Amino acid sequence: MAGYFRLQYHRLIRTLKDLGINPYLGIVFSALIFILLSNELFRRISYFQYIYQLIALIVVLQAGKVGRNEFLKNIYTVINYQKIRLLENLTLASPFVIVLFYKGFYLCALVTLCFSLLVLWYNKVGRSVFVIPSPFFRRPFEFSIGFRKYYWALILIYAVTLIALLVGNFNLAIFAYVSLLLVCMSFYATAEPVYYVWIHAQNPNVFLKEKMITAMLYSLYISLPLCVLLIGFFPLHVLIILSVTLCGFFYVLLGVIAKYANYPNQTSLIQIIAMAIGLVFPPFLLLLIPYFYKKSTQKLNAYLK
Amino acid sequence: MINIQSLCKSYGKHKVLYNINLIFKKGEVNGIVGENGAGKSTLFKCMAGLESFEGSIAYTGNILKNVTGYLPTELFFFSKMTGYEYLQLLCNARDIKEKNLYTSNIFDLPLNEYAENYSTGMKKKLALTGLLIQKNEVFILDEPFNGVDIHSNIIIQEIILKLKELKKIVVMSSHIFSTLNQSCDHLHYLKDGTIKSSVIKGEFELIENEMKGSSIGNKLVELMD
């Protein structure tokens, strides 16, 4: 069993090395960023402890993915399998539990801990026979898959926006609106296997343009009702709403082309940092998007003629 | 016609393919056989344009990769994607305006279910259906019979013969000589990265005999002891 955790440690080190990061520095920095970010979010957002608990639960549930659990069950005895799952869940939950405890949310910390133990017996994450109907089936695959994976986030965002509209909180409504477009952007976060690019009988420019048109069209489908509601409830802020819409669509475009900027590898660390700067400082996107577009066409040239 | 000349492929210092010269004509089915790790899949990837290589692959007609249907040994399907959406994706990729993909469902697959939940054989059938819908000119089939049941095995053989009739170029690999005997016109034996021999239909037994390796002898007993 110790061998299993040693192997996971080696895998983590290798992943960080592949990202071009010194693994030990990477671990220290990750811990620091986690603490600082947690602290900042607790400071800025009221009742953040409940969202924090939800995040912890989502993280812990990742260990319950069906494929890896079938593999573990197959190679370990029942007792050792349960020990591994217990240790994994506790390891994943512990950073959140510690922060909650440190912040004085003792009950939340205890609930998070109990949750991480309760989901020990839930190992069917990721496989479902029930097919969620997707309105994006005509142009697969990012939006149809993303919609099925994150429909709950979209429902949550719509619910938060409606509450914000009813109580007249413009800032919360606009925050939810941006979050919606960021969710659309996240549909393009992972690069697909080469085969799924290779099948296209298009040159890189046409391929990217088609992807961008699809992304824009489907983002519009998802965000238009919110945009109309926002303008309807806050007509005096129409310019801000339209500016945020434009900015959000640029985020989605960035997501599409950044996916291929280091293809077939995932987006590099430097590219991720550049994207983060673009998200915080949108005018930078005007430089970043053409740059990523050029990089993407160069990378796609190897697979598309 | 596909004309492969002096094809070489290396991964760093490790040579996988060396001086491959092959010709694949329209309306012919070519089989590539070889032990595990001989380089069959690498050769197929080079042909498909998925791997860079030295040498040349010439094709008379369109850009080869844009009219090639490649069935890899290990299939990958996205999670939360239905069989129908997979076929739609393949159609979109080649700008094929197929109105009703259900009519193309020759294997009676449950197209409204997630492809990731399909059995191994069903996944293979879905991938194969996708290649057929694309109306490709060249078919590269890496182990098309792996994991499929007897009935589907027969259907795949029928499909290959139909493709031959339609003057398509079919290149396939298999470890099952009976299927190669029924489907192929030519058989090429790939060993250690080079074509060791090529034979025509009726002479496949020569390669089969050549391929029969030495037994594992006492190694199994020693391992289990």
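**View 1. Helices lining the largest pocket of the predicted model.** Helices H2 (23-44), H3 (48-61), H7 (142-167), H8 (170-186), H11 (238-258) and H12 (269-280) of chain A each supply at least two residues of the lining of the largest pocket; helices are DSSP runs (H or I, at least four residues) numbered from the N terminus. H8(A) gives the most, with eight residues. The largest pocket has a volume of about 1700 Å³ and is lined by 40 residues, of which A:Ile51, A:Ile55, A:Phe175, A:Ser179 and A:Val183 lie nearest its centre. A pocket is an open set of points on a 1 Å grid over the protein atoms alone, where a 1.4 Å probe fits, with protein on both sides within 12 Å along at least five of seven lines; lining residues have an atom within 4 Å of a point. The volume is the space filled by probe spheres set on the points, which are joined across faces, edges and corners. This is a predicted model, in which local features need pLDDT of at least 70 and side-chain atom pairs pLDDT 80 or more, while totals for chains, interfaces and linings use all residues. Residues are numbered from 1 along each chain as its sequence is written, chains are lettered from A in the order in which they are written, and side-chain values use heavy atoms, without hydrogens and water.

**View 2. Two domains of chain A at the largest pocket.** Domain 1 (2-121) and domain 2 (142-300) of chain A, with bounds from an automatic or database domain assignment, each give at least three residues to the lining of the largest pocket. Their C-alpha centres lie 28 Å apart.

**View 3. The second largest pocket.** Its volume is about 1200 Å³. Of its 28 lining residues, A:Leu12, A:Val59, A:Thr91, A:Leu92 and A:Pro95 are the closest to the centre. Helix H1 (2-18), H2 and helix H5 (78-102) of chain A give two or more residues each.

**View 4. The bend in helix H10 of chain A.** H10(A) (residues 204-233) has 30 residues and reaches 42 Å from its first C-alpha to its last, close to the 44 Å expected at 1.5 Å a residue, the expected span being 1.5 Å times one less than the number of residues. H10(A) bends by about 45 degrees at A:Ser223, and A:Pro225 follows within four residues. The bend is the angle between axes fitted to the seven residues ending there and the seven starting there.

**View 5. Cis peptide bonds in chain A.** A:Pro140 and A:Phe141 are joined by a cis peptide bond with omega about 25 degrees. The bond from A:Tyr263 to A:Pro264 is also cis, with omega near 10 degrees, and A:Pro264 lies in the loop between H11 and H12 of chain A.
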